Amino acid sequence: MNTLMRLTVANIRSLVRDRAALFWTFFFPVMFVFLFGWIFGGSGDSKVAIGFVDQDNTPISIGLQQSFSQVKLLTVHTGSLDDEKAAMQHGDISAIVVVPQGTGAAVAAKSVTSIQLYTDPSSSQVSQVVTQIADQIANGFNLQLAGGSAVVGIQPMTLQSTNISNVAYLVPSILAMALMQLGVFAAIPLVQQREKGILKRIGATPLARWKLVGSNVLMRLMVAIVDAVVILGIGLVFFNVQIVGSLLLAGGLVLLGAGAFLAIGFALASFLKTEEQATGVVQVVQMPMMFLSGIFFSFDFLPGFLQTVARFMPLTYLGDALRQVMVNGTQVAPLGVDVAVLTGWLVVCLGIAARSFRWE
Amino acid sequence: MTQNGEPVIGVAGLCKCYGDVKAVDGVSFTVGRGEVFGMLGPNGAGKTTTIEILEGLREPDSGSVTVLGMDVTKHAASIKQRIGVQLQSVSLYPRLTVTELLDLFGSFYDHHLPTKQLIDAVDLGERAKARSMNLSGGQQQRLSIALALVNDPELIFLDEPTTGLDPQARRSLWDLVKGLQAQGKSIMMTTHYMEEAAELCDRVAIMDHGHILEMGTVPELIGRRFKERAVFFDTTPKLSAAELGKLDGVTHASQEDGQTVLYSRDVAGTIGTLLAMADSLSVEPKNLGIRQATLEDVFLDLTGRALRD
């Protein structure tokens with residue numbers, strides 16, 4: 001174990017002292033988060049459209065509707081719950097306020113009741129604003145009608161919107177891209193170490209080969225976790241993109257994704273002979289994935305044949321899985337399929353690497 | 001443990017092919033404890049293949065190979081604990097420092113020497129914190145030797161340790177090897193420098209095309225082939241090897257790299273008749289000189305070509 005840790009530390013030192021590698025593993029994805037965050041996230045103070053569903057039709061519900069309409073930030077549409085839900089799923093409105101039947105009667109009787117507020121947690125900025133507004137309006141009503149006792153409450157509801165904000169879409173996508181690059185780029189130092197005879201020299205020591213491979217994997221997985229924390233942290237701090245799903249599941253996916261792409265990196269390293277070759281081939285592998293796997297724009301925008309191509313790319317599934325778990329993004333495939341595809345790539349590429357990898 | 005009289009290396013009938021090429025073709029030799037054994041030959045002679053089989057890096061096709069009394073094909077792991085290896089032209093993790101590399105390699109072994117002691121042994125104290133990529137060629141080679149010493153090995157393999165070094169760096173590396181020999185280490189090395197073999201090796205095997213052509217101490221190898229001394233001068237077209245071979249005392253003549261060498265049992269007689277012959281043809285042998293035969297001459301005589309291409 002001591003040996004494994006020392007080797008891992010040696011690998012980390014080598015990475016940290018290599019400016020080019022450091023750029024690709026950390027600064028490149030961070031740069032993308034900021035770049036695209038600013039490009040797509042700059043819709044700051046435009047109005048937020050919400051739907052208002054009045055199932056009560058009493059002076060109380062009409063008063064509530066007027067209160068929402070008076071808020072300058074909001075544009076209020078009215079309609080049936082089904083219509084408004086459809087509009088929200090389509091991305092036309094960002095939230096729905098529902099005043100259920102019997103609200104007016106309950107207020108008159110001073111018994112506790114609540115209105116429902118549908119928001120999409122993945123577009124957290126909008127849902128926070130709308131929730132605050134609804135809270136203020138409800139408090140105002142309670143003061144006016146019930147002398148401060150909480151008669152009207154807010155019942156938060158969630159509804160997944162197809163149109164998650166661009167930044168919310170991008171943050172898990174860029175994390176997927178970073179993990180892809182982390183794994184695929186692992187081919188370069190491996191080929192370099194073989195070309196320079198480092199692998200052979202270590203082969204002349206009693207060190208078990210699994211430790212040499214293990215230290216590489218360990219180092220990359222550690223970096224994957226750091227990458228995830230940095231990218232999600234920037235998303236949260238600068239662009240208010242919150243993870244709505246399970247952190248544990250997200251962490252598991254980060255490791256699975258990193259593992260699958262590492263296996264691809266190892267498989268590539270099995271067939272590449274020189275560092276120059278490796279640098280070129282790695283770019284040929286990673287560039288199309290970066291642009292076709294639905295990382296910077298939704299998969300649906302691709303023409304049909306490119307969608308077919310993208311369906312073969314593991315990055316499509318990692319991006320999809322991370323978006324589903326982190327921001328309730330739309331599905332390219334069910335989460336189970338995403339996991340199965342990534343596991344498949346992991347197993348197959350590991351098999352190829354185990355058969356074909358040469359130490360010199 | 002190996003008994004004192006038992007060889008540290010025993011090779012018999014070793015063969016190794018790469019496709020159709022017989023890199024090593026029936027090689028046999030032994031190396032005794034405390035001995036410095038040199039393998040001499042041009043590039044592609046099979047030296048590196050032989051040494052890498054001994055180090056457990058390659059599988060032999062046939063033949064028996066024992067290192068420290070153990071069969072290399074069966075006990076590679078235990079052998080690797082007790083040997084030190086310096087490979088031909090290996091650069092190490094370029095961004096790790098000398099100290100970090102020695103610590104790291106030390107951790108690969110059950111027992112290892114303190115890093116400080118190793119750094120002092122190869123005189124790299126001032127460069128201990130330098131990254132290996134920033135070391136000079138000679139310093140990298142010293143580091144490479146320090147790494148070979150990390151487990152305090154009984155037997156050390158050095159594959160062309162001074163190739164590419166300037167004469168001063170080569171000299172200081174020779175001193176290092178002599179120091180190891182004085183400590184009682186057994187050393188097997190390859191080289192294609194004759195002076196290096198003559199300077200360092202107790203015994204030398206001359207290898208070409210996968211075969212050992214001749215083996216013995218340097219004086220033995222020279223004495224076995226050359227009772228004569230060499231008379232040499234710059235080749236001139238008018239003095240042909242065939243004619244020169246007939247001069248007094250000359251056993252044979254060779255012409256290589258613009259130099260004519262006459263191996264003579266009677267140097268005074270040879271020079272006398274040579275000058276007379278040159279005079280009659282109105283030429284003057286330039287840079288005329290006399291020397292003892294060297295390993296270079298042995299190699300030239302064995303293979304018909306000079307060692308350095």
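How many bridges join strand 12 of chain B to strand 13 of chain B, and in which sense do the two strands run? In this model, which is predicted rather than determined by experiment, strand 12 (residues 250-256) and strand 13 (residues 259-264) of chain B are joined by six bridges and run antiparallel.

Strands of a sheet pair through backbone hydrogen bonds, and the pairing may be either parallel or antiparallel. Here four strands of chain B form an open sheet in the order 2-1-4-5, with antiparallel pairing. Its edges are strand 2 (21-31) and strand 5 (70-71) of chain B, each of which pairs on one side only. Further in, strand 1 (residues 9-18) and strand 4 (residues 62-67) of chain B pair in the antiparallel sense over five bridges, and within strand 4 of chain B the bridge partner of B:Val11 is B:Val65.

From the strands of chain B we can turn to the rings of chain A. A search of the whole structure finds seven aromatic pairs over all chains. A pair of aromatic rings is described by the distance of the centres and the angle of the planes. For the pair of A:Phe34 and A:Phe238, the centres are 4.9 Å apart and the planes stand at 75 degrees, an edge-to-face arrangement. A:Phe34 belongs to helix 2 (residues 19-41) of chain A and A:Phe238 to helix 10 (residues 209-239) of chain A, so this pair ties together parts that lie 204 residues apart in sequence.

The next step is to see how the two chains meet. The contact takes 23 residues from chain A and 27 residues from chain B, and together the chains bury about 2400 Å² between them, with 59% of it on carbon and sulfur atoms. Of the area that chain A buries against chain B, 30% is supplied by A:Arg17, A:Arg201 and A:Pro206, more than by any other three residues.

The structure holds 15 salt bridges over all chains, and the count between chain A and chain B is four. A:Arg17 forms a salt bridge with B:Glu100, the closest N and O atoms being 2.8 Å apart; this pair reaches from the loop between helix 1 and helix 2 of chain A to helix 3 (residues 98-106) of chain B. B:Glu100 also forms a salt bridge with A:Arg13, where the closest N and O atoms are 3.3 Å apart.

On the side of chain A that touches chain B, the elements giving two or more residues are helix 1 (2-16) and helix 9 (198-203) of chain A. Helix 1 of chain A provides the largest share, seven residues. Sorted by class, this side of chain A has eight nonpolar, seven polar and eight charged residues.

Notes:
Residues numbered from 1 in each chain as written. Chains lettered and ligands numbered in written order. Predicted model: local features only at pLDDT ≥ 70, side-chain atom pairs only at ≥ 80, totals over all residues. Heavy atoms only, no water. Contact = heavy atoms within 4.5 Å. Buried area = accessible area lost by both parts, 1.4 Å probe. Salt bridge = Lys/Arg side-chain N within 4 Å of Asp/Glu carboxyl O. Nonpolar A, V, L, I, M, F, W, Y, C, P; charged D, E, K, R; others polar. Pairing = 2+ DSSP bridges. Phe/Tyr/Trp six-rings, centres within 6.5 Å; stacked < 30°, edge-to-face > 60°.
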